[in-house]
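Me: I am new to this structure and would like to go through it. Could we start with how some of the helices cross?

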Amino acid sequence: MSSRTPSDLAVARHGWVQALVAVVAALIVMGVVAALGLWAAGAADLPDGAFPRVVAATVVTAVGGTIELSGNAGALAESGAGMTVIPLSVTLAGALVLAAGFLRPLRHRAVAGARELAGWAARIAVLWLLGLLGLALGARQTFSVDLGNGTIGDIGDLFGVSPKVGFKADVPPTLFFGVLWLAGVLALALLVSRGAPLPGRLLRFQESVRPAAYAMVVLLLALVALGVVVALVVAVTRGHPAETLAVVLLGLPNLVWLAFTLGLGATWTGRVQGPFGLPMPHVLDEVLRTKEVSTLNLGTLADYDGRVWWLVAVDAVLLLAAAFVMAARSPARMRAWQHALHMAAALALTVLMICLVGRISAHYGLSLLGIGDLGGDLSGDLFLKPKVWTALGFAVLWGLVTGFLGALLARPVRRRGEASP
């Protein structure tokens, strides 16, 4: 007699169909979010029917793919460009849909074999690679750069200089990092979902890892939800609804997760020069738009707007809530100091993730007749990067304090296990 349950047979029989549905749904959602965000940002007016290719490039970068920028200005000129940024709104939308599709066939199961989970994940990975390959091959375009009507434009017309900037996906790195992104999403989905089965050998870790992972995901999603509310208020009170929608659909997590780390005490460094701008409040652009590298933290922001100190209070409330959720989902026998350690480790990993995916770097420059970057609208430089070790240190400190307090607050509502003395 076979020991396989109906759910086992369903996964085995319809695994490829379910995997296809999950992958296609995730790619469609990511494409729609990226397209709406780019449309709100004005990208629908790009020449030569480039909009679909830009959407494909946006989805590629959202999963860690690599987009190469190239310039060609002819024999008398040189142009160069580079850009590194992850549109985290698109990333988050795809991750949520893909995680839901991955977990759906596994629900209502207590334990699953490692071979079964690996087979189910492998089906999704194969189809994901095929979808990502199609996007990467379609993510390429070349644009002409207008030199303007001044002296530079006259020189360009005289010598027949027509600068062009293009982009294309670098396929091998895109597929590699796309698979890593997928593996991270699927692993996190298993860790977060209380109803998802784990192999028998990993069951002993679920009491300490799963509550902390769930609390961090709730924290990140709460920050995004709070950012949406703030964005709607800004759109209603200050106007610019299209720009606000573009930020929400393309880079809202970039903004709110950055603000979260600043509220913890983290420091970022950066600079904004030329036509580039950050999809962030004006105060951040003011701090970073300098000739030298600027420091971005609560102190420097407070020199422009004292309301930034509210970030500390918001972080404290959200972290206490996350610590409470973590403790409430943990066995009652777990002591407060253990909760503090779990919270510190989980928050440090979360802040490390934000530091890795929140970096921004962009550069464009044009040299004509050996004159270097011509300035004005023909060159620009933007970057934003964290001081990682400082951010991690503050994360550990906040995690220890809020984890301990959250455990104390959760004592009256805990139901699992026996209360510790």
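Reply: This is a predicted model. In it, helix 8 and helix 12 cross with a left-handed sense.

Me: Which residues make that contact?

Reply: Helix 8 contributes N254, W257, F260, T261 and L264, while helix 12 contributes L347, V351, M353, I354 and V357. By class, 8 of these residues are nonpolar, 2 are polar and none is charged.

Me: At what angle do helix 8 and helix 12 pack?

Reply: The angle is about 130 degrees, and the axes lie 10 Å apart. Helix 8 and helix 12 are therefore oblique to each other.

Me: What about helix 7 and helix 8: is their crossing left-handed or right-handed?

Reply: The crossing of helix 7 and helix 8 is right-handed. On helix 7 the contact involves L219, L220, L223, V224, G227, V228, A231 and A235, and on helix 8 it involves P241, T244, V248, L252, P253, V256, W257 and F260. This contact has 14 nonpolar residues, 2 polar ones and no charged ones.

Me: And how far apart are the axes of helix 7 and helix 8?

Reply: They are 9 Å apart, at an angle of about 140 degrees.

Me: Changing topic, what is the volume of the second largest pocket?

Reply: Its volume is about 1600 Å³.

Me: Which residues lie nearest its centre?

Reply: Those are W181, G184, L188, M353 and V357, out of 47 lining residues. The lining divides into 35 nonpolar, 11 polar and 1 charged. Among the elements that each supply at least two lining residues are helix 6 (171-192), helix 7 (206-238) and helix 12 (336-357).

Notes: Residues numbered from 1 in each chain as written. Predicted model: local features only at pLDDT ≥ 70, side-chain atom pairs only at ≥ 80, totals over all residues. Heavy atoms only, no water. 1 Å grid on protein atoms, 1.4 Å probe; cavity = no way out; pocket = protein on both sides within 12 Å on 5 of 7 lines; lining within 4 Å. Points joined across faces, edges and corners; volume = space filled by probe spheres on them. Helix = DSSP H or I, 4+ residues; strand = E, 2+ residues; numbered from the N terminus. Nonpolar A, V, L, I, M, F, W, Y, C, P; charged D, E, K, R; others polar. Axes fitted to C-alpha atoms, helices over the stretch in contact; angles between N-to-C directions. Parallel < 35°, antiparallel > 145°, perpendicular 65-115°, else oblique. Left-handed = near helix turned anticlockwise from the far one by under 90°. Contact = heavy atoms within 4.5 Å.
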